[in-house]
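Open the structure in your viewer and keep the selection panel at hand. We will go from one stop to the next, and at each one there is something to select and something to look at.

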Amino acid sequence: MTNATISVVVPTRDRPEFLQRCLAALRGELRPGDELLVADSASSSAEAVAAIARRYDAELVRLDRPGASAARNAGWQAAHHAVVGFVDDDVRVLPGWADAVRAEFAAPDVAFVTGSVVVPEDQHDAERPVAVTSRTERTPLHPELAGDLGASANLAVRRDVLEQLGGFDVSLGPGSWAASAEDLELFDRIFRSGQRGVFAPDARAEHDQWRTRRQLIRLDWGYGKGMGVRLARLARWDRPRARRLLREALIEQGLRPIIRDVRHGYEFGAITVTARTLATVIGVIVGTVGRDSA
């Protein structure tokens, strides 16, 4: 698999400046025979997206309705290779990314690979970095593991696994009420099927920190809703794990950081974490009563 070709899907919507930088970085990593696809999630300027895709020799898949999960599904369904990577449009892969992904799939029992996501060097003054990974060492991913599993911003999955499980759930992720956790819910189903993943620190990428304070609060609200819905679903077939993850979300990642931020006078941090924690509770309730696509 180390010499195998791969497909990479970039879902995008109305962010042409990010898309251009993302594709430029990917083109520098991909080999002849690799495949690059842009899944346009109903951008208002379809021609702008199409022009950027042509510039970087990427196949364009156009959707009539917004939704990141639907875009990723359309992308992998149009792909032709056995391994499909997913990179968000505001993410730029770093040198060595593609080789690190290929190397992990040399092991036949690896179903998916998540990679390292860091803050760009010129953005280390960002008030609260988001969508970055906390792990720094290669780690087998399994359902008993606590903490960060990685995310769909920097992800690769075997195509036959996506076919087997139906890909991403379109009622989760950006463009849906739940707004997030589509990747974690996919990992849950992969684990349930008896398969495992790997976190590969050398599959590195940078995530632009472009959001304003208001956008960060909205983002955390969405993170919470998605997490809650995801955990409500997980509880239907793995209640002990769902309870453990809920405690982690509400206590270790919720109440304790809120208390810490209040003690240190960091009001904005306390507000964002409170928003995420409250939204997690709401998401659990909505997911439990089956209204997770409201």
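Start with Ala111, which is found in strand β6 (residues 110–118). Helices and strands on this tour are DSSP runs numbered from the N terminus, with H or I and at least four residues for helices, and E and at least two for strands. Before you zoom in, please note that this is a predicted model: local features need pLDDT of at least 70, side-chain atom pairs count only at pLDDT 80 or more, and totals for chains, interfaces and linings use all residues. Residues are numbered from 1 along each chain as its sequence is written, and side-chain values use heavy atoms, with hydrogens and water left out.

**Around Ala111**

Is Ala111 buried or exposed? Ala111 counts as buried because its relative accessibility is 2%; buried means under 20% relative accessible area, exposed over 50%, and partly exposed in between (1.4 Å probe, protein chains only). Now show its surroundings: not counting residues up to four places away in sequence, Ala111 touches Phe105, Ala156, Val157, Arg158, Val161, Ile190, Gln195 and Arg196. A contact here means heavy atoms within 4.5 Å. For a distance label, pick the C-alpha atoms of Ala111 and Leu162, which are separated by 9.4 Å and lie 51 residues apart along the chain.

Next, select strand β4 (residues 83–87). Five of its five residues are buried, so β4 is largely enclosed by the rest of the structure.

Two strands pair if DSSP finds at least two bridges between them. Look for Val8, which stands opposite Gly85 in β4. Strand β1 is mostly covered too, with six of its six residues buried. On one face you will find Ser7, Val9 and Pro11, and on the other Val8, Val10 and Thr12. From β1, move on to strand β2 (residues 35–41), its parallel partner over six bridges. There, Val38 is the bridge partner of Val10.

Back at β4, bring in β8, which pairs with β4 in the antiparallel sense over five bridges. Which residue of β8 stands opposite Val87? That is Asn154, in strand β8 (residues 154–158). Asn154 counts as buried, at 2% relative accessibility. Leaving aside its neighbours within four places in sequence, its contacts include Phe86, Trp97, Val113, Ala203 and Arg204.

**A loop stop**

Select Ala146 in the loop between β7 (139–141) and β8. Ala146 counts as partly exposed, at 44% relative accessibility. Leaving aside neighbours within four places in sequence, Ala146 is in contact with Arg135, Arg244 and Glu248.

**Two helices side by side**

Now show helix α1 (residues 16–29) with helix α2 (residues 46–55): they pack at an angle of about 10°, with their axes 10 Å apart. That makes α1 roughly parallel to α2. Angles under 35 degrees count as roughly parallel, over 145 as roughly antiparallel, 65 to 115 as roughly perpendicular and the rest as oblique. Axes are lines fitted to C-alpha atoms, for helices over the stretch in contact, and angles run from 0 to 180 degrees between N-to-C directions. To see the contact, display Pro16, Leu19, Gln20 and Leu23 in α1, which meet Val49, Ile52, Ala53 and Arg55 in α2.

**Aromatic pairs**

Finally, look at the rings: a search of the whole structure finds five aromatic pairs. One of them is Phe18 with Trp210, a tilted pair at 5.8 Å centre to centre and 45° between the planes. Rings of Phe, Tyr and Trp (its six-membered ring) pair if their centres lie within 6.5 Å; planes under 30 degrees apart count as stacked, over 60 as edge-to-face and the rest as tilted. Phe18 sits in helix α1 and Trp210 in the loop between β9 (196–207) and α7 (213–234), 192 residues apart. Phe18 counts as buried at 9% relative accessibility, whereas Trp210 is partly exposed at 29%.

For the last stop, select Phe112, Phe187 and Phe191, which form one aromatic cluster. Phe112 is buried, with a relative accessible area of 0%, and Phe191 counts as buried at 6% relative accessibility.
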